[in-house]
Amino acid sequence: MTGSPVASRSVRHFLRDDDLSPDEQSAVLDLALELKAEPFSARPLEGPRSVAVIFDKTSTRTRFSFDAGIAQLGGNPIVVESGSTQMGKGETLEDTAKVMSRYVEAIVWRTYSQDGLVELAGHSDVPVVNALSDEFHPCQILADLLTIRENFGRTAGLRAVYLGDGANNMGHSYLLGFATAGIHIIIAAPDGYQPSGQVVADAERIAEATGGSVGITTDVASAVEGADVLITDTWVSMGMEDSAADRLRDLAGYRLGQEAVDRASDDVIVLHCLPAYRGKEISAEVIDGPRSRVFDEAENRLHAQKALLVWLLERA
Ligand code: CP
Ligand code: NVA
């Protein structure tokens with residue numbers, strides 16, 4: 001099945017990238033560009049009405065961009081660590097969702113388990129947004145797509161190559177979100193770090209409809225040839241710290257360095273969701289070099305998430 005299994009309720013959620021159809025994703029990106037040009041032109045949370053933003057894991061970009069974005073939409077962001085709530089003491093997700101639905105217009109949650117997000121959404125009367133789980137990071141992909149649109153004027157038909165940990169949240173979200181946008185998405189990852197077969201199958205099915213395609217390989221040199229977009233992510237995602245030494249060893253051949261940029265298209269852009277670890281998954285020369293768009297990408301979290309909230313609250 002494609003998308004999150006909570007579609008029976010009328011309220012829409014954004015738990016994984018394919019919870020937006022290609023047309024819906026495109027509409028959110030259109031709106032994001034409008035909001036980037038006129039940041040205070042949409043005020044769906046005027047009142048102010050509140051949005052909960054809850055963190056089980058650390059964050060810089062997600063925390064500040066949601067906090068600032070909700071304020072720009074006229075709203076009141078309630079940003080908390082889950083450990084400071086009764087969630088941290090084991091109150092059920094069902095009870096939490098039912099209570100929070102009485103207070104806020106939407107719930108944004110960064111957590112570990114995708115199943116937990118699905119469970120919370122299943123009991124929520126307001127939209128639930130995945131602010132990163134172990135499996136997906138769909139808000140980041142909207143920001144990346146916005147950055148690609150700004151640079152190329154389109155997404156469909158471009159060749160995007162992600163190097164490194166193909167089995168993490170970013171690898172999975174690039175597959176689903178970029179296939180939805182009609183991009184040819186290639187994951188270059190070593191054995192043991194390749195994406196979930198189910199996510200690959202879902203992405204392939206989406207790509208058939210959008211004109212995109214999905215490629216999975218271990219071969220970096222052929223993957224990056226002619227790429228329009230080169231991407232990587234940390235080799236040690238949050239929660240994976242115990243296996244850090246193995247990961248640094250296993251992924252060493254998948255660093256995004258200048259040789260990859262040189263083999264890519266002349267117009268290539270380099271993306272990284274940040275935080276970045278220079279000298280590990282990406283060289284300083286590349287991330288701080290002329291093809292890098294990582295700070296535009298980080299800024300675009302703000303605009304993309306505002307558009308997503310407007311869309312979920314007013315247009316879904
Ligand atoms: N890219 C991203 O989600 O960054 P944070 O972990 O700082 O929120
Ligand atoms: N894959 C990374 C993304 C951080 C924004 C992690 O989960 O830590």
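The model is predicted, and local features need pLDDT of at least 70, side-chain atom pairs count only at pLDDT 80 or more, and totals for chains, interfaces and linings use all residues. Residues are numbered from 1 along each chain as its sequence is written, and side-chain values use heavy atoms, with hydrogens and water left out.

The annotated site comes first. In an unreviewed entry, UniProt places the feature "binding site" at Asn169, Asp233, Ser237 and Met238; such annotations may be inferred rather than shown by experiment. These residues span 70 residues in sequence, yet no two of their C-alpha atoms are more than 11.7 Å apart, so they gather at one spot. The lining of the largest pocket includes Asn169, Asp233, Ser237 and Met238. On a 1 Å grid over the protein atoms alone, a pocket is an open set of points where a 1.4 Å probe fits, with protein on both sides within 12 Å along at least five of seven lines, and lining residues have an atom within 4 Å of a point.

Within this group, Asn169 belongs to helix H6 (residues 169–180), helices being DSSP runs of H or I with at least four residues and strands runs of E with at least two. Asn169 counts as buried at 6% relative accessibility (buried is under 20% relative accessible area, exposed over 50%, with a 1.4 Å probe and protein chains only). Leaving aside residues up to four places away in sequence, Asn169 touches, among others, Leu132, His137, Asp233 and Ser237, where contact means heavy atoms within 4.5 Å. Its side chain also reaches the backbone oxygen of Ser133 at 3.0 Å.

Ser237 is located in the loop between strand S8 (229–232) and helix H9 (244–250). Ser237 is likewise buried, with a relative accessible area of 6%. Beyond residues up to four places away in sequence, Ser237 touches Asn168 and Asn169.

Attention now turns to a sheet. Four strands form an open sheet in the order S2-S1-S3-S4, with parallel pairing; two strands pair if DSSP finds at least two bridges between them. Strand S2 (76–81) and strand S4 (128–130) are the edge strands, each pairing on one side only. From one strand to the next, the twist averages 20°. Strand S1 (residues 50–55) and S2 pair over six bridges in the parallel sense, and Ser50 has Asn76 in S2 as its bridge partner.

Finally, Asp266 lies in the loop between helix H10 (258–263) and strand S9 (269–272). Asp266 is exposed, with a relative accessible area of 74%. Asp266 and Ala227 are 39 residues apart in sequence and 9.0 Å apart in space, C-alpha to C-alpha.

How values were computed: Chains lettered and ligands numbered in written order. Polar contact = N/O pair within 3.5 Å; in protein donor to acceptor, adjacent residues only side chain to side chain. Axes fitted to C-alpha atoms, helices over the stretch in contact; angles between N-to-C directions.
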